Amino acid sequence: MIKYIDNSWHALKIGFANEIGNLCKSFSIDAHKAMEIFCQDKKLNISSAYLKPGFAFGGSCLPKDLRALAYSAKLHDLELPILNAILPSNELQVARGLQLIMEKGRKRIGILGFSFKEGTDDLRESPMIEIIERLTGKGFDVRIYDKNVQMARLVGANRDSYSTAFRIFPD
């Protein structure tokens with residue numbers, strides 16, 4: 001299994017670099033220089049960060065930036081199958097999480113933390129909001145606790161996300 005993981009990871013890195021190279025070329029950007037700069041980030045980009053199996057990603061940056069790359073590629077008639085597969089793959093993780101919860105057969109569900117990452121009150125594109133909405137829509141009694149999220153302190157897109165998800169509208 002480790003050999004398969006290693007080789008799949010190497011193949012993914014090569015495919016990713018090639019797709020980024022094609023996109024850079026369409027913008028007349030030096031792809032080698034762009035990837036050289038990318039590889040200088042040893043804290044997140046070239047490290048074990050984000051390589052732990054778990055739940056879906058969310059937030060204000062990752063989904064938005066993936067959509068921006070996909071849109072830019074489309075404008076340049078480029079196909080980016082690896083990059084375009086990331087958001088659908090993430091949606092499958094949300095569906096899998098929902099399935100695992102529902103398979104337990106419990107009607108009362110406790111959610112501990114629903115912002116898109118620990119230590120923030122940022123709810124934009126939080127996958128937990130989608131889980132909560134789906135469970136609520138299916139008649140589950142959902143109880144939520146997140147020490148970082150307080151309705152009175154939410155503003156802008158965060159407040160809108162909360163209001164939409166929980167049918168609570170600002171005063």
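Predicted model: local features only at pLDDT ≥ 70, side-chain atom pairs only at ≥ 80, totals over all residues.
Residues are numbered from 1 along each chain as its sequence is written, and side-chain values use heavy atoms, with hydrogens and water left out.

Start with the overall layout. The protein has seven helices and two strands, and reading along the sequence gives the pattern α-α-α-α-α-β-α-β-α. Helices (H or I, at least four residues) and strands (E, at least two) are DSSP runs, numbered from the N terminus. Of the 171 residues in the protein, 29% are buried. Take the contacts (heavy atoms within 4.5 Å) between residues at least 6 apart in sequence: 66% of them join residues at least 24 apart. Accessible areas come from the Shrake-Rupley method with a 1.4 Å probe, and for residues only the protein chains shown count as cover.

Now for the inside. In soluble globular proteins, nonpolar side chains tend to be buried together. A nonpolar core is a set of buried Ala, Val, Leu, Ile, Met, Phe, Trp, Tyr and Cys residues joined through side-chain atoms within 4.5 Å. The largest such core here has 15 residues, and I111, F114, I131, L135 and V142 touch the most other members. Helix 5 (86–103), strand 1 (108–112) and helix 6 (127–137) are the elements that give two or more residues to this core. Helix 6 supplies the largest share, five residues. Leaving aside residues up to four places away in sequence, V142 touches I109, I111, I132, L135 and T136. Apart from this core lies another one, made of 10 residues, including L23, C24, A73 and L83.

Just after helix 6 comes G139, with a positive phi of about 85°.

Helix 3 can be described in a similar way. This helix covers residues 62–75, and at 1.5 Å a residue its 14 residues should span 20 Å, which agrees with the 20 Å between its end C-alpha atoms. The expected span is 1.5 Å times one less than the number of residues. In helix 3, P63, L66, S72 and A73 are buried. The buried residues of helix 3 pack against helix 1 (2–26), helix 4 (81–84) and helix 5. Just after helix 3, D77 takes a positive phi of about 55°.

Next, the charged pairs. Side chains of opposite charge can pair when their charged atoms come close. A salt bridge is a side-chain nitrogen of Lys or Arg within 4 Å of a carboxyl oxygen of Asp or Glu, and a search of the whole structure finds six of them. One of these brings us back to the opening residue: the side chains of K64 and D65 meet at 2.7 Å, N to O.

Another salt bridge joins E125 and R67, with the closest N and O atoms 2.9 Å apart. This pair links distant parts of the chain, since E125 sits in the loop between strand 1 and helix 6 and R67 in helix 3, 58 residues apart. E125 is partly exposed at 39% relative accessible area, and R67 is partly exposed at 42%.

R108 and D141 form a further salt bridge, at 3.5 Å from N to O. Here too distant parts of the chain are linked: R108 is in strand 1 and D141 in strand 2 (residues 141–145), 33 residues apart. R108 is exposed at 55% relative accessible area, whereas D141 is partly exposed at 32%. Salt bridges that share partners join R108, D141 and R143 into one network.

M1, I2, Y4 and I5 make a nonpolar patch of about 520 Å². Patches are made of residues with over 30% relative accessible area and no salt bridge; like charges are joined within 9 Å, and nonpolar side chains (Val, Leu, Ile, Met, Phe, Trp, Tyr) within 5 Å. I2 is found in helix 1 and counts as exposed, with a relative accessible area of 59%.

Technical notes: Buried < 20%, exposed > 50% of the residue type's maximum accessible area, 1.4 Å probe, protein only.
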